[in-house]
Amino acid sequence: MFRRLFGRGQDAPRTEEEAQQEEQKIEQATEKSRRGLFGQISQLFAADDPITLEFWDDLEALLIQGDVGVETTQYLVSRTIDRVNRNGVKRIRDAKQMLRAEMVAVLQEHAAPRQIAAKPYVVLVTGVNGVGKTTLIAKLAHRYKTHGKSVMLAAADTFRAAATEQLEAWGQRAGVPVITRGQGADPGAVVYDAMDAALEQQVDILIIDTAGRLHAKTNLMKELTKLKQIISRKLEGAPHEVLLVIDATTGQNGVLQAKSFMQAADVTDVAITKMDGSAKGGIAFAIAQDIERPIRYIGTGEKMTDMAMFDSQAFVDSLLTE
Ligand SMILES: Nc1nc2c(ncn2[C@@H]2O[C@H](COP(=O)(O)OP(=O)(O)OP(=O)(O)O)[C@@H](O)[C@H]2O)c(=O)[nH]1
Ligand SMILES: [Mg+2]
C-alpha cells in the first residue's frame with residue numbers, strides 16, 4: 001500500500017509502514033523541543049481564559065526563545081491572530097489549533113514535490129563543517145537503495161583528512177560504490193570521474209559529498225560553482241538537487257550560515273540534521289521562512305536509518321501536541 005504518492009512535498013512513495021516509522025522518528029527526535037519551549041507553549045494554551053493582548057505577547061516571547069526567530073515569530077503570530085479573528089475564536093484553549101495550522105502553513109509554503117526524472121539524478125550536498133553532510137549522504141544512499149534505485153557516491157571532500165575513508169566506509173555499509181581520488185585530489189576531478197562513471201553505468205542516483213571549510217568561505221563558494229559547471233557540462237540540467245545541510249543544534253546561527261550559502265550556491269532543498277540532539281526545533285520555521293526552500297529531510301540520529309522525510313504536519317504534531 002502506497003500513500004501520499006507525491007503528497008506533503010515528498011519525492012518518493014512511502015509505504016504505510018514506512019510513513020508511520022518516519023513519523024515515530026520525528027516524534028522521538030523532537031522530544032527535547034517538545035519538553036522544552038514548545039512544552040511551555042502547550043501549557044500557555046491550556047488555559048480556558050479569554051484571549052488577551054498579553055497572551056499574544058507571551059506566545060511571541062516563547063516562540064522567539066524556541067528559536068523560531070524574531071521575524072518568523074512575528075509573521076506566525078500575526079497570521080494566527082488573523083485566523084483567530086476570522087474564525088471568531090475567543091478562548092485561549094481554542095486558539096491552539098489556529099497556531100498549529102499556521103505553523104504547518106509556514107513549513108509548507110515552499111514545499112514542492114520532486115520527481116526523479118533524470119538519470120542519473122545528481123545531488124550535490126553542501127553545508128559547513130560537521131553539520132552531518134556525509135552521514136546524511138549515507139542515509140540517502142540507504143533510503144534510495146531500499147526503494148530499488150541504484151546509487152553511486154562521489155567523495156569530492158578531498159580537503160579533510162579521512163573524509164574519503166569515511167564516505168567509503170558508509171558506502172560499504174550501504175552497499176553502494178564510491179568514486180574517490182583520495183585526500184588532496186582536485187574535487188573537480190572526482191566529480192568529473194563520478195559523472196562519467198554514473199553515466200556509463202546508468203546509475204539512478206549520484207550523490208556528491210563536498211568539503212565544508214568555514215575559514216575559506218569565498219573559496220568554498222568558488223569551488224561549488226566550479227563543481228556545478230563540471231556537472232552541467234556532463235549532463236544538462238544537472239545537478240538536479242543542491243541540498244544544503246543545516247545542523248539543528250546551531251539554532252539561529254545555522255540560519256545565518258544557510259543564508260550565505262543561498263547567495264552563492266543556488267540551493268534547491270534543505271535538510272535539517274541532529275534534531276534528536278537539539279531542543280531548537282523552532283529553527284525549522286526560521287529556515288522555511290528565510291531560506292524559502294523546501295525542507296526535505298530530517299536527521300534523527302547517527303545511524304544510517306536515522307532519518308525521515310520532513311513531514312510538516314507530523315513535525316508540528318510532534319512539537320505541539322493536541
Ligand atoms: N545525533 C545526531 N548526530 C548526527 C546526525 N547527523 C550527523 N551526526 C553526527 O555529526 C557528526 C558529523 O557528521 P558528518 O556527517 O561527518 O558531518 P560533515 O558535515 O560531513 O562534516 P565535515 O565533512 O567535517 O564537514 C558525526 O559525529 C555524526 O555522527 C543526526 O541526525 N543526529
Ligand atoms: Mg563530511
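Pro239 lies in the loop that runs between helix H10 (217–234) and strand E7 (241–247), where helices (H or I, at least four residues) and strands (E, at least two) are DSSP runs numbered from the N terminus. The peptide bond that leads from Ala238 into Pro239 is cis, with omega near -5 degrees. This is a predicted model, in which local features need pLDDT of at least 70 and side-chain atom pairs count only at pLDDT 80 or more, while totals for chains, interfaces and linings use all residues. Residues are numbered from 1 along each chain as its sequence is written, and chains are lettered from A and ligands numbered from 1 in the order in which they are written.

**Backbone features in loops**

- A cis peptide bond also joins Lys119 and Pro120, with omega about -5 degrees, and Pro120 lies in the loop between H6 and strand E3 (121–126).
- Gln202, a residue other than glycine, has a positive phi, near 50 degrees, and is found in the loop between helix H9 (187–200) and strand E6 (205–210).

**Domains and their contact**

- The protein is divided into domain 1 (31–108) and domain 2 (121–312), with bounds that come from an automatic or database domain assignment.
- The centres of the two domains, taken over C-alpha atoms, are separated by 34 Å, and their contact takes 18 residues from domain 1 and 16 residues from domain 2; two residues are in contact if their C-beta atoms, placed from the backbone, lie within 7 Å.
- On the side of domain 1 that touches domain 2, the elements that give two or more residues are helix H2 (31–35), helix H3 (37–44), helix H5 (70–86) and helix H6 (92–108), and H6 gives the most, with five residues.
- By class, that side of domain 1 has ten nonpolar, six polar and two charged residues, where Ala, Val, Leu, Ile, Met, Phe, Trp, Tyr, Cys and Pro count as nonpolar, Asp, Glu, Lys and Arg as charged, and the others, Gly among them, as polar.

**Helix pairs**

- The axes of H5 and helix H12 (residues 283–291) come within 9 Å and cross at roughly 95 degrees; axes are lines fitted to C-alpha atoms, for helices over the stretch in contact, and angles run from 0 to 180 degrees between N-to-C directions.
- H5 is therefore roughly perpendicular to H12, given that angles under 35 degrees count as roughly parallel, over 145 as roughly antiparallel, 65 to 115 as roughly perpendicular and the rest as oblique.
- Thr72, Tyr75 and Leu76 of H5 make this contact with Phe285, Ala286 and Gln289 of H12, and the residues involved divide into four nonpolar, two polar and no charged.
- The axes of helix H1 (residues 16–29) and helix H13 (residues 312–319) come within 9 Å and cross at roughly 40 degrees, and H1 and H13 are therefore oblique to each other.
- The contact of H1 with H13 is made by Glu23, Ile26 and Glu27 on H1 and by Ala314, Phe315 and Ser318 on H13, a set that divides into three nonpolar, one polar and two charged residues.
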